[in-house]
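This report concerns selected side-chain features of one protein model.

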Amino acid sequence: MKAPIIIAEIGCNHKGDMTIAKEMIQTAALYCKADVVKFQKRCNRELLTPEEYNAPHPHPENSYGATYGEHREFLEFTLDQHRQLKAWCEEFGIVYSTSVWDLTSAKEIASLQPKLIKIPSACNLNKEMLGWLCDNYEGEIHLSFGMTTKAEEEEIVSFFEQKGRNKDLVLYNCTSGYPVPFEDICLLELTRMREQYVHRVKAIGFSGHHLGIAVDSAAVALGAEYIERHYTLDRTWKGTDHAASLEPDGVRKLARDCRAVAKALTYKKEDVLPIEQVQRNKLKKNQIKW
């Protein structure tokens with residue numbers, strides 16, 4: 001099995017601060033040994049109604065503004081800032097990517113020509129955005145199946161097939177909760193997704209919102225080729241995602257363990273491996289042959 005691709009999802013855990021974002025990129029690349037970092041891009045006026053934009057944040061203790069709209073704007077980076085983030089990723093040797101939440105954001109991020117763009121579970125039925133990306137963006141399109149019915153899953157994959165882009169599509173098993181209890185992770189959905197879609201799309205991945213790192217190695221054993229986890233420098237920081245994120249040492253250990261599991265997922269190339277032959281010569285030398 002190929003080593004899984006480890007995605008450290010920064011999202012908005014940078015707290016709207018480019019200095020923190022740069023540190024997170026550097027740490028993910030050099031200390032955690034992740035393969036990809038992922039940000040978010042939203043056009044809040046497009047996503048939110050005026051009532052939603054001007055309403056107070058539902059959890060004021062996590063808000064960076066007087067209203068939910070102000071909070072979201074505070075955490076939003078401009079296209080030029082995303083261009084700088086991509087340059088830093090290239091400097092530190094890690095792949096830059098971004099989740100796009102609306103058509104405007106998709107067009108902006110596609111102009112940077114990243115290797116991959118992510119469609120979050122919340123937006124995977126936005127046919128206009130998916131269609132535009134299929135027609136205008138040449139990179140990989142990664143898409144999560146949280147909050148999605150089986151019928152909707154099939155409609156999404158069929159849409160990409162009709163567009164001739166299904167072999168650029170990576171699907172993620174995902175349960176949309178923060179954090180998700182272990183009984184709701186439903187890892188065996190990976191088996192179902194692989195049986196149903198692995199020959200129709202580029203790959204199957206796992207996007208986890210749970211606590212700890214044990215589950216991710218199991219996801220690799222079940223065939224996940226991409227592992228995506230939320231990432232922060234400090235789980236106690238203000239914000240809604242930090243508590244369900246991994247700190248750098250957690251991402252480092254996750255990457256280590258997932259790659260070890262992938263390396264172990266092989267059959268024996270011969271009945272007695274060379275590493276065993278020394279022990280066989282020593283420990284079985286006086287046994288009667290059958």
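The paragraphs below describe these features in a predicted model.

**Cysteines.** The structure holds 0 disulfides. Cys32 takes part in none, and the cysteine sulfur nearest to it, that of Cys258, is 13 Å away. Cys186 is partly exposed, at 40% relative accessibility.

**Lys38.** This residue lies in strand 2, which spans residues 36-41. Is Lys38 buried or exposed? With a relative accessibility of 3%, Lys38 counts as buried, because the limit for that class is under 20%. Its side chain makes a polar contact with the side chain of Ser99, at 3.0 Å. When neighbours within four places in sequence are set aside, Lys38 is in contact with Ile7, Ala8, Glu9, Ile10 and Gly11, with Ser97, Thr98 and Ser99, and with Lys118 and Glu228.

**Aromatic pairs.** A pair of aromatic rings is described by the distance of the centres and the angle of the planes. How many aromatic pairs does a search of the whole structure find? The search finds 5, and two of these pairs are set out in the table.

| Pair | Centre to centre | Angle between planes | Arrangement |
|---|---|---|---|
| Tyr64 and Phe74 | 5.2 Å | 5° | stacked |
| Phe159 and Phe160 | 6.2 Å | 85° | edge-to-face |

The pair of Tyr64 and Phe74 links distant parts of the chain, its members being 10 residues apart. Tyr64 is in the loop between helix 3 (50-54) and helix 4 (68-74), whereas Phe74 is in helix 4. Tyr64 counts as buried at 19% relative accessibility, while Phe74 is partly exposed at 43%. In the other tabulated pair, both Phe159 and Phe160 are buried.

**Charges over rings.** Two contacts between a charged end and a ring complete the account. The charged end of Arg42 sits over the ring of Trp101, at 3.8 Å from the ring centre. The charged end of Lys118 sits over the ring of Tyr172, at 4.5 Å from its centre. Lys118 is also among the residues in contact with Lys38.

Definitions and conventions: Residues are numbered from 1 along each chain as its sequence is written. This is a predicted model: local features need pLDDT of at least 70, side-chain atom pairs count only at pLDDT 80 or more; totals for chains, interfaces and linings use all residues. Side-chain values use heavy atoms; hydrogens and water are left out. A disulfide is a pair of cysteine sulfur atoms within 2.5 Å. Buried means under 20% relative accessible area, exposed over 50%, partly exposed in between (1.4 Å probe, protein chains only). Helices (H or I, at least four residues) and strands (E, at least two) are DSSP runs, numbered from the N terminus. A polar contact is a pair of N or O atoms within 3.5 Å; within protein, one must be able to donate a hydrogen and the other to accept it, and residues adjacent in sequence count only if both atoms are side-chain atoms. Contact means heavy atoms within 4.5 Å. Rings of Phe, Tyr and Trp (its six-membered ring) pair if their centres lie within 6.5 Å; planes under 30 degrees apart count as stacked, over 60 as edge-to-face and the rest as tilted. A charge sits over a ring if NZ of Lys or CZ of Arg is within 6 Å of the ring centre and within 35 degrees of the ring normal.
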